[in-house]
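Please have the sequence and the coordinates open while reading.

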Amino acid sequence: MSTLTEAEAPPPTAPVPTAKPARRRGRWTPYLLLAPGLIWLVVFFAMPMVYQASTSVQTGSLEEGYRVTWHVATYWDALSEYYPQFLRSVLYAGTATFLCLLLGYPLAYLIAFRAGRWRNLILILVIAPFFTSFLIRTLAWKTILADGGPVVGALNSLHVLDVTSWLGLTAGDRVLATPLAVVCGLTYNFLPFMILPLYTSLERIDGRLHEAAGDLYATPLTTFRKVTFPLSMPGVVSGTLLTFIPASGDYVNAELLGSTNTQMIGNVIQSQFLRILDYPTAAALSFILMAAILIMVTVYIRRSGTEDLV
Amino acid sequence: MEQYEPDRLSPAQVAAMRRSLRNGRAALSRRSLLRAGTGGALAVGALGTLSACGIPAAKNTAGVSSEDRSAKEKEIAFSNWTEYMDVDDSGKRHPSLDAFTRRTGIKVKYTEDINDNVEFFGKIKPQLAAGQATGRDLICVTDWLAARLIRFGWVQKLDQSNLPHAFTNLSQQFRSPDWDPGRAHSYPWQGISTVIAFNRKALDGEEVKSVSDLLDNPKLKGRIGFLSEMRDSIGMTLLDMGKDPATFSDDDYDAAIARLQKAVDKGQIRRFTGNDYTSDLTKGDLAACVAWAGDVVQLKADSPDVDFVIPDSGYMTSTDNLLIPNKARHKTNAERLIDYYYEPKPAAELAAYINYVCPVDGVRAELAKIDEDAANNPLIIPDAAMAAKSHAFRSLTQKEETAYEEKFAKLTGA
């Protein structure tokens with residue numbers, strides 16, 4: 001509050017007040033500091049949103065131009081036409097998020113409590129994949145899961161693929177171009193977004209709490225259940241959000257690793273926007289996706305009972 | 001959570017809050033900001049604003065040409081696909097372009113910023129629709145997109161008097177497509193043949209000679225690929241069904257879709273791919289697929305198992321075309337560049353490097369000097385038998401294009 005004091009009570013050495021009012025330095029500073037961020041938000045978030053909202057209620061064609069006709073039925077048509085892809089997106093993204101949590105939690109735990117001097121190295125390894133492009137990383141999975149490759153060979157000889165094939169996750173003796181491959185790709189690509197928030201919230205837990213739990217005769221399992229996990233909830237929530245939200249809108253994994261029966265809503269939006277040139281439907285689909293995610297996330301945050309993320 | 005709920009605060013608290021907003025350091029709470037932000041966005045997004053947005057009709061672009069500064073500014077901006085130009089050993093210079101600059105003094109700003117027709121259209125559409133310059137003097141796009149750009153009036157008519165070589169040397173096959181009679185707006189850069197490629201090892205003794213073999217052989221279940229380019233996949237299927245892609249009807253189109261849909265439902269077709277089929281094919285994940293011959297020529301060099309076959313029913317040919325977009329600043333320079341690549345020598349240099357169908361007549365002798373094999377390769381310089389089997393997809397009206405693309409998108413799952 002130093003600026004406030006300065007502004008209201010001029011220093012005693014100040015000369016006799018003149019007609020010119022004292023310079024109030026602090027007044028516009030917060031707004032000026034906010035300006036870059038706000039301008040950014042308006043130009044790259046608010047304006048495109050308005051534009052898309054408008055597009056979604058237009059009708060017309062590229063040749064005749066598009067006009068706002070308040071054709072709200074586009075939303076209903078889009079939803080009833082493409083609800084399978086919506087459900088699939090939620091299902092795939094949800095599964096990938098769950099797998100990320102399952103894989104990421106132990107690793108984050110290890111980095112936070114057990115890694116010792118290896119901690120930084122492991123953290124770097126978690127981030128390392130980001131040094132290559134998203135596309136290249138996804139394409140690499142085509143080599144890993146290649147039909148004749150060692151992974152698929154091993155899974156086949158263990159008869160794992162018979163089970164997943166029966167479950168409808170894979171087709172025959174291959175993994176690529178099946179739902180399993182898409183979920184694998186999503187899990188891999190978004191795993192760091194799960195690990196990093198988990199790590200930050202785990203790392204913050206005071207080690208003495210663990211000691212205290214031990215002193216009170218809690219078994220390690222109880223300590224984890226009653227102390228560690230509840231305290232890491234902010235990390236779990238922000239990690240799942242950071243994984244689920246981009247994963248449900250992703251289309252690259254479904255495009256490269258999937259097949260005709262694994263296309264997600266992102267693929268539909270892309271094809272509506274670029275190929276079919278049906279901009280209203282594409283915009284409506286984007287809004288439905290946004291609304292769906294917003295509702296799911298709100299319910300989830302309310303339920304998980306945490307408001308401060310990380 | 002409980003920081004800012006104006007209703008419950010006393011007037012003094014509200015005043016303090018306001019003061020802190022104005023004068024305090026770090027005084028703006030995140031929540032109030034978010035609230036303000038949302039309110040602002042909602043205000044901006046008021047219904048009236050929504051109606052104000054709209055996309056103008058594509059055809060209302062007035063002022064097609066811009067002042068041609070070719071004489072004053074010896075330069076040209078040329079946008080092309082990646083790996084679609086000869087490169088020297090250092091990988092940085094394009095010898096044929098350098099020769100053009102040496103001869104004419106016109107500097108070429110060569111950009112490889114086209115990866116995909118639909119994406120590129122999305123990129124240039126806003127400027128062209130608004131009647132603004134794209135910053136490009138010469139672009140290279142596939143037939144159907146060239147047809148659309150011409151239909152919308154977004155490209156300039158070429159001055160044939162600047163194109164003597166192009167006019168004389170253009171192959172008969174490409175002379176007069178139905179979407180640009182007499183090549184008034186476009187000249188082909190390269191021709192693209194769509195054929196059937198296979199991996200001999202992955203086929204394991206099975207034979208693939210036609211699209212029917214791809215769709216019906218149960219031993220190849222899940223190892224067959226088609227292209228995500230609608231005209232190539234449907235065109236090849238139409239040919240296989242005995243229809244002519246140049247004259248087919250709506251019913252023929254639906255029949256072709258149904259034929260492919262059956263194969264999708266059976267799990268016969270693994271994927272609809274873009275350019276990425278090449279790695280699937282060399283690895284053997286795809287045993288056979290509809291493919292672009294130019295790719296296959298290059299793949300063959302690296303992996304001996306990969307080869308191609310031209311079905312008896314024929315194959316699809318399309319072209320990538322050079323066009324001058326509206327408001328291009330260096331139209332004459334662009335025309336000179338087009339014409340340059342229709343001289344036998346530069347055309348041969350290009351053909352020797354990129355292995356697509358050369359659209360220029362009289363190149364064989366020049367090409368033989370550089371690469372004897374390429375000169376005798378019917379995929380690069382089609383012989384009479386090849387040319388006879390070549391088919392083009394007819395141009396579509398806007399309505400047909402939308403309907404067909406939609407049906408094809410359904411087929412591919414999106």
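## A β-α-β unit

In chain B, strand S1 (residues 75-81), helix H4 (residues 95-104) and strand S2 form a right-handed β-α-β unit, where right-handed means that, with the strands pointing away from the viewer, the path from the first strand over the helix to the second runs clockwise. S1(B) and S2(B), the latter spanning residues 107-114, pair in the parallel sense over six bridges, pairing being assigned if DSSP finds at least two bridges between two strands. Within this pair, Ala77(B) stands opposite Lys109(B) of S2(B).

## Basis of the model

The model is predicted, and local features need pLDDT of at least 70, side-chain atom pairs count only at pLDDT 80 or more, and totals for chains, interfaces and linings use all residues. Residues are numbered from 1 along each chain as its sequence is written, chains are lettered from A and ligands numbered from 1 in the order in which they are written, and side-chain values use heavy atoms, with hydrogens and water left out.

## Chain B as a whole

Chain B contains 19 helices and ten strands, taken as DSSP runs (helices H or I, at least four residues; strands E, at least two) and numbered from the N terminus. Of its 414 residues, 52% are buried, that is, under 20% relative accessible area with a 1.4 Å probe, protein chains only. The chain exposes about 18,100 Å², of which carbon and sulfur atoms supply 52%; the areas come from the Shrake-Rupley method with a 1.4 Å probe.

Among the contacts in chain B with a separation of 6 or more, 76% join residues 24 or more positions apart, a contact being heavy atoms within 4.5 Å.

## Two domains

Chain B is divided into domain 1 (75-191 + 319-382) and domain 2 (192-317 + 398-411), with bounds from an automatic or database domain assignment. Their C-alpha centres lie 27 Å apart, and the contact between them takes 19 residues from domain 1 and 13 residues from domain 2.

## Helix H13 and its cover

In helix H13 (residues 293-302) of chain B, the buried residues include Ala293(B), Gly294(B), Asp295(B), Val296(B), Val297(B) and Leu299(B). Their cover includes strand S4 (186-199), helix H12 (277-283), strand S7 (288-292) and strand S8 (306-309) of chain B.

## Cysteines

The count of disulfides over all chains is zero, a disulfide being a pair of cysteine sulfur atoms within 2.5 Å. For Cys140(B), the nearest cysteine sulfur is that of Cys358(B), 13 Å away. Cys140(B) counts as buried at 0% relative accessibility, and Cys358(B) is buried with a relative accessible area of 4%.

Note on methods:
Buried means under 20% relative accessible area, exposed over 50%, partly exposed in between (1.4 Å probe, protein chains only).
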